[in-house]
Amino acid sequence: MSVQAITAQEKRALKSEPMQLFLLVAFLLASLYAVLQGSAYRQAQVDVADSFTAAQEDRNTAWRDRLVAVENGTTAPEEDRWAGLAMDVSFPATISPGPLSDLAHGVSDVKPATSRVSLWRSVDRLFGNYQVQSPIDTAAGAFDLAFVIIFIMPLLMIALSYDVLSEDRELGRLGLLLSQPISVRQLVTARLKVRFGAVAAIVLIASLVGLFAGSAGQDIGTRLPFMGLWLLVAAAYFLLWTATIVWAISLNLKGETTALLLAGLWIVNGLVGPASLSAAAESLYPTPSRLAFLSEAREASAAAYKSQADIMQGMLLDHPDLTAENYSIPEYIRTAFLVTKTVDDSVVPVLSKFDDVQAERRRFLSKLQFAAPSVLTLQAFNLAAGTNLERHIAFEKSVRDFKQTIMESVEGKVLVGERLSLAEYDALPRYNTQNPSVSSVLGSVALPILFLLALSVFLGTIARSNLDKLQNHLRET
Amino acid sequence: MIKAIIWKELLQYRRDGRILAVLFITLALGFAAAFNGWSMVESQQRERQAAVVSDRTTWDNQGKKNPHSAAHFSRYAFQPTSSLSVFDPGLTGFMGSAIWLEAHYRDPATLRSVEDAVEIQRFARLTPAWILQVFAPLLAILLVFAGIAAERERGTLRQVMSSGVPPQHLFVGKAIAALCIIALLAPSVVAAVALAANTHDEVGLPSVGLRLTCIVLAYMLYIGAFTFAAIGISARVAKSKTALVVLVGFWATSVIFVPRFATDVGSALSPAPAAADFEASLSAESSTPFWGGSEEAQQRRANVEAEVLERYGVDKIEDLPINYDGYLLQASEEFANGVFDRLYNELWGAYETQSDIVRLFSVVSPTLALGNISSALAGSDLYAHRHFADSAELFRRDFVKLLNEEMIQNGGQDGYGYMSDNDFWQQNPDFSYTPPSIGAVLSNIWVDILVLLGWAITAFLIASRGVRFSFKQEAMA
């Protein structure tokens with residue numbers, strides 16, 4: 001029996017053997033489901049961001065129109081004393097859905113995606129009440145393509161291949177097979193090529209369907225480079241599992257022992273490893289108490305309210321230019337500004353501590369992630385998808401910084417009680433969404449990909465040597 | 001005879017290094033999970049205690065302030081973490097732990113610990129409940145997958161039959177031996193319970209002992225179901241290898257994949273509203289129809305004015321013996337409360353429909369039924385959270401009313417200029433919370449209990465009939 005004959009037999013078996021066919025069809029359906037639910041998820045993300053921005057822009061347009069009316073004399077200034085009120089300046093800030101957020105939701109389902117940056121809100125309240133997602137859904141995690149590839153794909157590969165050699169050996173057919181002009185290595189390779197080829201084809205098809213289905217109006221060309229990186233990560237993970245399975249097969253164990261060994265590796269990789277690593281990261285680098293942070297913000301707010309006169313006095317001493325007596329605007333507006341500013345000053349350092357702890361955790365995990373390929377792969381997928389924690393933390397920080405910029409720009413006008421001019425309003429900065437760049441993502445995922453490939457080569461080399469030894473052993477016996 | 005079978009099985013297990021290794025690893029993970037759970041719960045309880053004290057102190061010392069301004073600042077309700085969360089934190093980290101009880105608005109719970117978690121925590125969380133839900137069935141499978149099939153493969157089943165062992169004795173002996181080994185995981189559960197007893201639970205769950213007993217019974221049913229099913233499959237299939245693959249496949253599907261898939265389907269069929277939309281609806285529907293400039297809103301305020309003038313038998317607001325601004329504020333609260341009830345019932349309804357959809361999948365995944373039972377009894381499920389949130393909302397309404405009443409009764413004609421001081425704040429009550437009774441909890445999970453019971457009985461029947469079947473097959477062979 002030649003390699004071609006083995007290959008042809010395997011191809012026939014793929015179509016005719018009910019269990020193999022069932023597993024592959026189930027995997028295809030799971031992959032397509034993941035992709036389609038992902039595209040609905042991404043569309044919803046885009047819709048939320050668009051409708052939020054549109055609503056805020058409408059509000060800002062109305063605000064600006066009132067100011068225009070006062071400046072061009074259509075409305076008398078005393079008729080609309082709120083027009084151009086500096087304290088009412090607000091701008092929308094959104095994080096754009098990651099380029100492949102449909103394929104790996106990452107942390108995008110629990111982190112805030114929009115903010116109305118308003119001077120009425122202290123930095124701890126900038127993101128509004130966004131915590132209405134279903135806790136059941138959030139706790140279970142997403143059934144996205146990343147989950148399918150990291151969890152289901154290896155298990156399917158194990159189920160399709162654990163007895164690729166042992167079954168023939170246990171049935172006493174191996175000797176007969178190897179009496180043909182074919183080596184053990186060729187036999188294993190030919191069989192796995194067909195079986196794993198089918199798995200790889202399904203992943204590729206699902207990813208390509210995802211590329212188009214999940215675009216949510218985005219240009220495919222923009223998604224394509226990220227998809228390239230995604231496929232590189234998926235390919236490296238696939239190769240690692242291929243090498244691991246071939247290594248396990250090359251140990252020439254009983255079929256059930258091979259299955260147990262591989263299932264054990266799958267469990268350690270997908271469950272024990274991530275659970276232990278996350279528990280370790282969170283125990284070693286605990287975040288400051290959110291409740292203590294809340295208490296601190298409230299104390300600062302209450303204290304600022306009580307000592308508003310002192311705060312105002314201090315402000316005027318620092319800025320004598322703000323002593324203009326144009327207080328047609330109610331005093332509570334200045335009070336609110338000063339209280340909010342004081343709260344900001346008090347809580348920003350605490351928020352920075354949260355960011356620092358997260359950074360320490362990430363540094364810790366960036367080293368230990370190599371202990372569990374599933375962790376490495378998940379983080380690489382999230383990076384390629386633009387749904388990683390770091391990007392979301394950076395978004396939150398950039399919104400806080402943006403608020404600070406706006407606050408500094410209009411502070412004088414609020415305190416003096418003067419309206420903003422149209423030119424001043426138009427000159428205020430707007431929040432710019434930061435999109436991940438292909439080069440930065442490539443820089444971040446290159447090492448994980450290289451590590452997965454190196455591990456694959458290492459295991460593959462051992463497996464090759466084992467299979468050659470097995471060949472010699474079988475020849476001798 | 002049963003005793004002899006048990007001893008023989010136990011001896012075999014003791015000699016199997018794989019079983020000892022898995023048992024040791026699971027036990028070690030169980031202890032780590034118990035310690036991790038205790039550390040998390042202990043710190044949450046400590047932080048809550050500090051936040052409650054801080055909230056009271058800040059409230060008591062806010063100085064002279066208009067009661068309505070104070071109602072905007074208001075208080076917080078902090079969700080207590082039950083001691084049994086050491087064992088099963090359920091949805092605790094995904095639901096928010098603090099609710100702001102401000103005037104005019106019903107806020108969702110904020111400060112979800114999942115937002116501070118590392119990305120990989122979404123894969124798996126190291127908790128005692130998770131260890132038992134995921135690894136105990138796996139251990140059961142490992143122990144008995146070869147139970148009958150291997151006896152048949154080795155030809156020892158025939159010997160057993162010839163020695164007059166009835167099939168039921170073989171089944172019972174193997175099941176008891178396997179369950180004895182699984183029971184060795186108990187020390188980790190005992191450790192979790194001991195650590196739970198060592199936390200500072202301020203708001204004790206009612207009937208903790210009974211809850212704990214029910215939890216233990218539920219896990220026994222669950223582990224029993226997997227053990228019996230594994231024996232049944234082992235008896236039905238020709239080879240132990242096939243039994244292993246089928247059982248590991250079933251384990252992965254029902255324990256890992258279906259829970260994620262089910263919640264995904266649940267949220268697709270019963271989506272929660274987008275956060276921005278929900279927030280906008282809350283504001284727009286509770287505030288604008290009362291305070292806005294529309295004819296409807298003006299009429300609503302005019303009705304309040306007419307009603308209060310009639311009640312006090314005066315013609316003008318100025319002649320009222322009460323503070324009209326406070327009266328109008330309270331009227332707006334009562335109008336808004338109806339809106340909050342409607343919108344939050346819709347939100348909770350969406351969650352609960354999701355939960356019901358997920359429950360349907362427990363027919364193919366006993367893990368879902370067990371998860372519901374376990375987290376409900378531990379006081380960490382959706383129902384527990386809703387119970388807390390609804391209690392907090394009732395308190396918010398009473399508390400805001402108390403502040404408005406202070407303004408109404410004592411504010412006279414001062415309007416918003418009326419000030420209260422620390423003497424008044426210090427008399428205000430605290431939010432006091434009593435968790436639901438076990439009867440209320442059980443009434444929510446009776447379907448899950450029935451499903452789990454159904455799983456255990458069905459698995460028992462499969463095993464019992466399977467062993468009889470294997471005896472018949474062997475006799476005919």
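**The model as a whole.** The structure is a predicted model, with an ipTM of 0.87 and a pTM of 0.90. Colour chain B by confidence: its pLDDT averages 92, and 100% of its residues score at least 70.

**Chain A.** Next, select chain A, which holds 16 helices and 2 strands. Among contacts with a separation of 6 or more, 87% join residues 24 or more positions apart.

**Helix α8.** Select residues 220-250 of chain A, which form helix α8. How far apart are its end C-alpha atoms? They lie 43 Å apart, which agrees with the 45 Å that 31 residues should span at 1.5 Å a residue. Centre the view on F226(A), where α8(A) bends by about 25°. After the helix comes N252(A), which has a positive phi, near 60°.

**Where the chains meet.** Now display both chains: 67 residues of chain A are in contact with 72 residues of chain B. Elements giving two or more residues to the chain A side include α2 (18-71), α10 (290-306) and α12 (331-368). Colouring the chain A side by residue type shows 36 nonpolar, 21 polar and 10 charged residues.

Note on methods: Residues are numbered from 1 along each chain as its sequence is written. Chains are lettered from A and ligands numbered from 1 in the order in which they are written. This is a predicted model: local features need pLDDT of at least 70, side-chain atom pairs count only at pLDDT 80 or more; totals for chains, interfaces and linings use all residues. Helices (H or I, at least four residues) and strands (E, at least two) are DSSP runs, numbered from the N terminus. The expected span of a helix is 1.5 Å times one less than its number of residues. The bend at a residue is the angle between axes fitted to the seven residues ending there and the seven starting there. pLDDT is the predictor's confidence in each residue, from 0 to 100. Two residues are in contact if their C-beta atoms, placed from the backbone, lie within 7 Å. Ala, Val, Leu, Ile, Met, Phe, Trp, Tyr, Cys and Pro count as nonpolar, Asp, Glu, Lys and Arg as charged, and the others, Gly among them, as polar.
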